[in-house]
Amino acid sequence: MAGTSPDVLLVNPNRRTESNHKHSHIKGPRPRQPLGIAYTAAFLNREGLKARLLDASILNWSAERTAAFIRSVKPRITVVSTTSLDRWQNPDLDLSQVFALLNSLEGTVIVEGTHGTVTPQWIFGKCRADFVIRGEPELTTLETVRAILSGGADATFGGIAGLSWKKDGKIVS
């Protein structure tokens, strides 16, 4: 990731915790390629944005190590996925490492994934996030990133399908 800072850094965080290991029916992680955010990164790049992907799960990085790397890269926007590491075949129910990462980040943070899609209010209540993407992320992420980079206002965000954010302490969807 040498060179200039990316517009967007998409992060697949490490979700390995004792609780997730203990409750796993296969008794261990099965790291898989983060295809969802990889598609989103490719889509953003195709649309002219500079997007990069960090797979902290495959690197087995802690929340602290991941946050330090993000700070060193200095992305304009960070997108973090909450989608379970092993999809629903072996879901990681303990998101404590994801929340630790989110709560340590600086700058604009977008959360995408299954948890925010189903319960954006829960995500906002558990961690520091500026925006939550609900549903399929590619187009919503593109529109949100473009709005943020152009200095968007609440009216701009209101026209983006599948987006939640906070305004005056209340969740807007």
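**View 1. Ile-110, a buried residue of strand S4.** At 0% relative accessibility, Ile-110 counts as buried in this predicted model. Ile-110 belongs to strand S4, which covers residues 108-112. When neighbours within four places in sequence are set aside, the contacts of Ile-110 are Ile-77, Thr-78, Val-79, Val-80, Phe-131, Ile-133, Thr-144, Val-145 and Ile-148. Thr-144, Val-145 and Ile-148 are also listed among the buried residues of helix H8, and strand S3 spans residues 77-81. Between Ile-110 and Val-8 the C-alpha to C-alpha distance is 9.9 Å, although the two residues stand 102 apart in sequence.

View 2. Helix H8 runs through residues 137-149, and its 13 residues reach 18 Å from the first C-alpha to the last, close to the 18 Å expected at 1.5 Å a residue. The buried residues of this helix are Pro-137, Thr-140, Thr-141, Leu-142, Thr-144, Val-145, Ala-147 and Ile-148. In an α-helix there are 3.6 residues a turn, so residues three or four places apart point the same way. Just after H8, Gly-151 adopts a positive phi of about 75°.

**View 3. The salt bridge between Arg-76 and Asp-7.** The side chains of Arg-76 and Asp-7 meet in a salt bridge, with 3.4 Å from N to O. This pair links distant parts of the chain, since Arg-76 lies in the loop between helix H4 (63-73) and strand S3 (77-81), while Asp-7 lies in the segment before strand S1 (8-12), 69 residues apart.

**View 4. Arg-46, Glu-47 and Arg-146 in a salt-bridge network.** Arg-46 and Glu-47 form a salt bridge in which the closest N and O atoms are 3.1 Å apart. Together with Arg-146, these two residues are linked in a network of salt bridges. Arg-46 counts as exposed at 63% relative accessibility, whereas Glu-47 is partly exposed, with a relative accessible area of 28%. Side chains of opposite charge can pair when their charged atoms come close.

**View 5. The salt bridge between Arg-128 and Asp-130.** In this pair, the closest N and O atoms of Arg-128 and Asp-130 are 3.4 Å apart. Arg-128 is partly exposed, with a relative accessible area of 28%, and Asp-130 also counts as partly exposed, at 27% relative accessibility. A search of the whole structure finds 4 salt bridges, among them the one between Arg-128 and Asp-130.

**View 6. The lining of the largest cavity.** The search of the whole structure finds 1 cavity of 30 Å³ or more, and about 30 Å³ of space lies in the largest cavity. Its lining is made up of Pro-13, Asn-14, Trp-61, Ser-62, Ala-63, Thr-66, Gln-97 and Leu-101. The elements that give two or more residues to this lining are H4 and helix H5 (96-104).

View 7. Asn-60 has a phi near 55°, a positive value in a residue other than glycine, and lies in the loop between helix H3 (56-59) and H4. Asn-60 is partly exposed, with a relative accessible area of 45%. Asp-168, which is not a glycine either, has a positive phi of about 55° and lies in the loop between strand S6 (163-167) and strand S7 (170-172). With a relative accessible area of 72%, Asp-168 is exposed.

**View 8. The chain as a whole, as context for the close-ups.** The chain has 9 helices and 7 strands, and buried residues make up 47% of its 173 residues. Among contacts between residues at least 6 apart in sequence, 67% join residues at least 24 apart. The accessible surface of the chain comes to about 8400 Å², and carbon and sulfur atoms account for 54% of that area.

Terms used:
Residues numbered from 1 in each chain as written. Predicted model: local features only at pLDDT ≥ 70, side-chain atom pairs only at ≥ 80, totals over all residues. Heavy atoms only, no water. Helix = DSSP H or I, 4+ residues; strand = E, 2+ residues; numbered from the N terminus. Expected span 1.5 Å × (residues − 1). Buried < 20%, exposed > 50% of the residue type's maximum accessible area, 1.4 Å probe, protein only. Contact = heavy atoms within 4.5 Å. Areas by Shrake-Rupley, 256 points an atom, 1.4 Å probe, with all protein chains shown as cover. 1 Å grid on protein atoms, 1.4 Å probe; cavity = no way out; pocket = protein on both sides within 12 Å on 5 of 7 lines; lining within 4 Å. Points joined across faces, edges and corners; volume = space filled by probe spheres on them.
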